[in-house]
Structures are given as structure tokens and as C-alpha cells.
Amino acid sequence: MEASLDSMEGVFWQAPPPKGWLARVPKAAVLVAVYPGVLTAGTIALAATWLSVHYNAPVMLFALLIGMAFHFLHEEGRCRSGIEFSSRTILRLGVALLGVRVTFGQITGLGLQPVLTVILGVASTIGIGVLIARLLGLKPWFGLLSGGSVAICGASAALAVASVLPDRVRDDRDTILTVVTVTALSTIAMVVYPAIVAAVGFTNTEAGVFLGGTIHDVAQVVGAGYMVSPETGDVATYVKLLRVAMLLPVVAAIGLVVARIGAVGGKPGRAVPGFLIGFAALMAANSFGLVPPFVAALLTEISRWCLVVAIAALGMKTSFKTLFAVGWRPIALMVAETVWIALLVFVSVAFFS
């Protein structure tokens, strides 16, 4: 009877081992495990694209909303592995391929202001996080963890910062709470912030700097930017990747602080993310004219599909139910950090750009 229910979501399911010719394919077990979730995310991406074409609305928003309606598929079952794969690996592939649209000239054309804004935003948000955590009676380490997550790149930054915290203060529950909350806040920002930049009349470049400098996760930045316009999406991606590049020095600095105060048990910081290296490599190749136009067009289209699939998967991973199980203070802290970095970048764009 239980075997007959294996096709139903919510029932524990383990991918069968590959058989026949498939058993000789490298990583075949991984392919068998992830294909149901990837197929589901791809189907949602196709539906979102169809709706976008017929109703002239942002494809990213459709993918997000439809994905959220299928959140139950991520709870447990055969789609879970593929959804995780889509929201991480396919997302990173899509972002890396965006490098083919960028040149060094476009980056330098943004000027010094976005760089200074990113540096100030990252440093001040982490500092504000530690300060407010103390005021709310939370552990300062949680303020450091949440501040780094909000300031840099969401869930990835939370995991990287947690990896260098000492064992005696690191709490997996704090890390999970940070990841869930920052993902929810980033999803809300993805929907709300494009309306804000439209209401205040920001140019495409100004909107891109604001979106890239404030939204937490890379996928939501890309989604929000391309909801506004292709130019805004490009600028938002450049600025966001400047924030992602801050991950290495920030994690290294936290590791040094941990070592100086004598906290034992922290692990070495993570290396620069592979998708950032891929983005930089493609950007360099494009800047020197090494990418033929037809190849650039093909990679751009592949990147677009990867990002729509990733947004659909992120929607399926988003659940607000988990947030109701925790107290209000950690959520209030992360909301305050989110508001702080949004105000700081808004002021920088509105008055100093």
C-alpha cells in the first residue's frame, strides 16, 4: 500500500539507482534524483513565459507567484532535490552567463558612487545589526550573522558567516531562521521595490543601483531589475555582484576577529563563489571582443531561461508558515537591517548620484 503512494508528494521518496545504459553515465544518480524537481520548475517557467507573452506582464513575477502556489512540492518528496538544484545550481549558471552582457566599460561607466555606496552599505548594516541585536536582548553574534546576510547576498552570506563563527556561539537554529527570514524579505522586496523606483521616477540606471544595492538575494535582484527594464536589470546585476564580491573580505574579517578574541572552532572562510568567477571570465572575454555576437545572443537566452526556472524554484521554496514559529525580535532585527540599507542606498541614489 505504501509503495502505491510513492507517486504522491508528501510521502518519503528515494530515487531508484540508475539502470541499463544510464548507469554508465557520469553523475547518473544525481540526474535521476533532480530531474522531477527541475522538470516541475521548468514547467512553471514555461507557464510563466506564456502568461507574460499573452498578458504583457513580467515573466519573473509570474514565475515567482506560480511557484509559491506549489510550495507543497518542496516540503517532502521526489521534487525536493530538483527544486534545490534549480534554485542554486541553475541560478548560479544563469547569473554566470549574464557576464556575456557586461563589459568593463559599462562597470566603469557607473562611476565611483555605486562602489562607495556598496562598501558603506555593507559595513554599516553589519554594525547596525550588532547594535540593534544588543538593544533587543539578542546575541551579538546573531546581529553579525543577520547583518552580513542582509548586507551581502542573503542565504549564501548567512551560511558563509556561520562557517567562521565559533562553535560555542554558533546555533544552527539561528542560521536557519536567518536564511528563512532573509529569503522571505528578499521576495517581498522583489515585488515592492520596483513599484517604489517607478513611483519616485528613478532613471533606469538609478533604479538598477537601488535594486542591486538593497535586495538581498541575487535571484530576486535579477528578477526585480528585469521587471523594470533590461537596462535596469543589467545595472542591478552589476551592483549586486559588487556586493557579492564583498563576501570574501567580510568573512575573512570576521574570521580574524574571532581569532583575536580567542574563540576556537571557527572554520576558514569560503572561497569566491564559482558563479562570480564565471561572470568575471565572461565579462573579460566580452570586453576584449572574444565572444561572437551569435554566441552572446545564445548565452543570453540560455541565461534568461535559467533565471526564470530558478525564480520558479525559489517560489516553491518560499514559506511564511515557518516564520510564525519564532519570536518577533529576530524578525524585527532583520526588518530593521533591511529598512536601514534601503534608506541608505535610496538617499545615496536620490541625492548623490
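These legends describe close-up views of a predicted model. Residues count from 1 along each chain as its sequence is written, and side-chain values rest on heavy atoms, without hydrogens or water. Local features need pLDDT of at least 70 and side-chain atom pairs need 80 or more, while totals for chains, interfaces and linings use all residues.

**View 1. Confidence along the chain.** The chain has a mean pLDDT of 81 (the predictor's confidence in each residue, from 0 to 100). Of its residues, 83% reach 70 or more. Confidence is highest in helix 10, at 93, and lowest in helix 5 (residues 104–109), at a mean of 73. Helices are DSSP runs of H or I with at least four residues, numbered from the N terminus. Residues 1–13 stay under 50 in pLDDT, and the model gives them 18 contacts beyond four places in sequence. A contact means heavy atoms within 4.5 Å. Residues 263–271 are also below 50, with 23 contacts beyond near neighbours in sequence.

**View 2. H216 in the loop between helix 10 (204–214) and helix 11 (218–228).** H216 is buried because its relative accessibility is 0%. Buried is under 20% relative accessible area, exposed is over 50%, and partly exposed lies in between (1.4 Å probe, protein chains only). A polar atom of the H216 side chain lies 3.4 Å from the backbone oxygen of T214. Residues up to four places away aside, H216 touches S149, V150, I152, C153, G154, V182, L185, S186, K240, R243 and T338.

**View 3. M246 in the loop between helix 12 (230–245) and helix 13 (247–260).** M246 has a relative accessible area of 19%, so M246 counts as buried. Beyond four places in sequence, M246 contacts V118, I119, V122 and I152. A123 is 123 residues from M246 along the chain, and their C-alpha atoms are 9.8 Å apart.

**View 4. S348 in helix 16 (residues 328–352).** Here the relative accessible area is 10%, so S348 is buried. Its side chain makes a polar contact of 2.6 Å with the side chain of T117. A polar contact pairs N or O atoms within 3.5 Å; within protein, one must be able to donate a hydrogen and the other to accept it, and residues adjacent in sequence count only if both atoms are side-chain atoms.

**View 5. I188 in helix 9 (residues 172–200).** I188 is partly exposed because its relative accessibility is 41%.

How values were computed. Helix = DSSP H or I, 4+ residues; strand = E, 2+ residues; numbered from the N terminus.
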